[in-house]
Amino acid sequence: MRILLSIILLLSGLFQAEAAYKPHKREFRGAWIQCVNGQFQGMSPTDMQKTLTRQLDILQQYGTNAIIFQVRAECDALYKSDIEPWSRYLTGRQGQAPTPYWDPLQWMVEQCHKRGMEIHAWINPYRAKTKGTTELAANHIARTHRERCFEYDGLYVLNPGIPENREYICKVVSDIIKRYDVDGLHIDDYFYPYPVAGISIPDDNLYRANTNGFDNVADWRRDNVNVFIKQLSDTIHGIKPWVKFGVSPFGIYRNEKSAPGVGSKTNGLQNYDDLYADVLKWVNNGWIDYCVPQLYWQIGHKAADYGELIAWWNRNAYNRPLYIGEDIERTVKYPDLDNTMKNQQDAKFKLHGKMPAVKGTVLWYAKTAVDNIGNYGTMLQNKYWKTPALQPLMPFIDSKAPKKPRKVKVVWTSDGPVLFWTAPKAKKWDDEATKYVVYRFLDNEPLDTDNPSKIITITSSTMLPLPYNGGNKKYVYVVTALDRMSNESRIVKKKVNL
């Protein structure tokens, strides 16, 4: 009897814990879709589109509202470019166009926006050749300007110390931003190459020829990357101010033993010291719009404890929206330290909830979420991302809300009632409504638009078919407008019997 009572109490406690979780109204819910692992290589355009469609449909079902899509892995392109060659990760051979022809980035922009998702174009800025690439196209930068690259452990890397390389990368990004309606431009964790024992970066001669006033090569390298990040930020926002510039750095900034009072209580590779990436400088100076540290370890990891690191980033990187890069495979592989009968997903999301600077999550990687390993995707759909979510605010880009929707009315059609509205008037990009939020309340309920469970949809459409069940129940529908930065207008309400 006591055992039975204990089981009942345990299940009750678990149920209460499940019920206590409240999804956020604003949250970045992203997923990385990479090409560099070769998941699309050798696929026909039709098969790749089927694969991506399945991934997007399931991710949408889970509650994802942003896709980070890799379009440039090694100074190549998964889009039509007059600057760089088609990627071998798309067609199997660098420089070879897809047959039949299609543009994966343009297709993804259309597909993501149709589903109400943001799309962020993900590039690797400096890597010019991966280890597995054996053939470079004639117009590849490592062939046309070999002197601007250095070789490191089988990689070719655009030398960050050469100003022409910064100009070149910004030219590539300008081309993407101008021609594609992307919501963000995203770079990952490869700056100077990850160090390999016994191999030095071959840039001593370049440093000695132009030290830029720095007494050591490490500070000089960091400055090269700093200058690039600022230049890239200015390039993006100079073309389209609303395109969000995000960086996904390695999960450790500095270890405390390297930087007492600054670093985290960890013992691993460091952005600042080993990759020459001063991420906090970029955050604190406002050069980037969001930061996604890759916290791919488990809670309790001896050298890089997830709990230690999420708390460190929360304390130190709050000047810009902070999203957490989550490794799904590792999360479901390791048991919860307090309940070994379940994995660490719940414990990690609880940590998210305790960190005020954390405004979202990015899943590494999309396919593992879609495959629902460890029931991770089901938990997103049924608990953590159960209700729709608006994007986090970025008042440093734009804080002014658009005007409210106009001419909100219910029209009775042959297919039933339809809620219609008209876009508000706008003069500039930051006034324009690009999406709308529709809430539904019972007639006697308070109109609490802070409650995400009342959101019916977030849509770019200006109409919504309504469910009709005899007209015996009265509802209040509320419509608001969102601009490109997800600032929300005042409400317009409409009562209807359904």
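**Local backbone features, helix packing and buried sites**

Serine 486 is found in the loop between strand 17 and strand 18. The model is a predicted one. Although serine 486 is not a glycine, its phi is positive, at about 65 degrees. The residue has a relative accessibility of 7% and, since buried means under 20%, counts as buried.

A positive phi of about 50 degrees also occurs at lysine 407, again a residue that is not a glycine. Lysine 407 is placed in strand 12, which covers residues 406-413. With a relative accessible area of 59%, lysine 407 is exposed, whereas serine 486 is buried.

Two cis peptide bonds are described here. One joins threonine 99 to proline 100, with omega at about -5 degrees. Proline 100 belongs to the loop between helix 3 (88-91) and helix 4. Another joins tryptophan 364 to tyrosine 365, with an omega of about 0 degrees. Tyrosine 365 is located in the loop between strand 11 and helix 14 (366-370).

Valine 478 is part of strand 17 (residues 474-482), and valine 492 is part of strand 18 (residues 492-497). Valine 478 counts as buried, its relative accessibility being 0%. Valine 492 is buried as well, with a relative accessible area of 15%. When residues up to four places away in sequence are not counted, valine 492 touches Lys404, Pro405, Val408, Tyr477, Val478 and Val479. On the corresponding list for valine 478, which leaves aside neighbours within four places in sequence, are Val437, Val438, Tyr439, Phe441, Leu447, Thr449, Ile491, Val492 and Lys493. For valine 492 and aspartate 57, which are 435 residues apart along the chain, the C-alpha separation is 31 Å.

Packing was then considered for two pairs of helices. Helix 2 (residues 45-62) packs with helix 4 (residues 104-114) at an angle of about 30 degrees, and their axes are 11 Å apart. Because angles under 35 degrees count as roughly parallel, helix 2 is described as roughly parallel to helix 4. The crossing of helix 2 with helix 4 is right-handed. From helix 2, the contact draws on Met48, Gln49, Leu52, Thr53 and Leu56, and from helix 4 on Pro104, Trp107, Met108, Gln111 and Cys112. By class, this contact of helix 2 with helix 4 comprises 7 nonpolar and 3 polar residues, with no charged residues.

In the other pair, helix 13 (residues 345-354) and helix 15 (residues 376-384) have axes 11 Å apart and an angle of about 45 degrees. That angle makes helix 13 oblique to helix 15. Helix 13 and helix 15 also cross in a right-handed sense. On the helix 13 side, Gln345, Asp346 and Phe349 take part, meeting Tyr376, Met379, Leu380, Lys383 and Tyr384 of helix 15. The class count for the contact of helix 13 with helix 15 is 5 nonpolar, 1 polar and 2 charged residues.

Helix 13 is also among the elements against which the buried residues of helix 11 pack; the others are helix 10 (279-284), strand 9 (290-291), strand 10 (322-327) and strand 11 (358-364). Helix 11 spans residues 306-316 and is mostly covered, with 9 of its 11 residues buried. The buried residues of helix 11 are Tyr306, Gly307, Glu308, Leu309, Ile310, Ala311, Trp312, Trp313 and Asn314. The N-terminal end of helix 11 is capped by aspartate 305, a side-chain oxygen of which lies 3.2 Å from the backbone nitrogen of glycine 307.

Arginine 29, in strand 1 (residues 28-33), was the remaining site examined. Arginine 29 has 0% relative accessibility and therefore counts as buried. Its side chain is in polar contact with the side chain of glutamate 27, at 2.9 Å. Neighbours within four places in sequence aside, arginine 29 contacts Pro23, His24, Gly63, Thr64, Asn65, Ala66, Thr361, Tyr384, Trp385, Thr387, Pro388 and Ala389. Of these partners, Tyr384 also takes part in the contact of helix 15 with helix 13.

Technical notes:
Residues numbered from 1 in each chain as written. Predicted model: local features only at pLDDT ≥ 70, side-chain atom pairs only at ≥ 80, totals over all residues. Heavy atoms only, no water. Axes fitted to C-alpha atoms, helices over the stretch in contact; angles between N-to-C directions. Helix = DSSP H or I, 4+ residues; strand = E, 2+ residues; numbered from the N terminus. Parallel < 35°, antiparallel > 145°, perpendicular 65-115°, else oblique. Left-handed = near helix turned anticlockwise from the far one by under 90°. Contact = heavy atoms within 4.5 Å. Nonpolar A, V, L, I, M, F, W, Y, C, P; charged D, E, K, R; others polar. Buried < 20%, exposed > 50% of the residue type's maximum accessible area, 1.4 Å probe, protein only. Polar contact = N/O pair within 3.5 Å; in protein donor to acceptor, adjacent residues only side chain to side chain.
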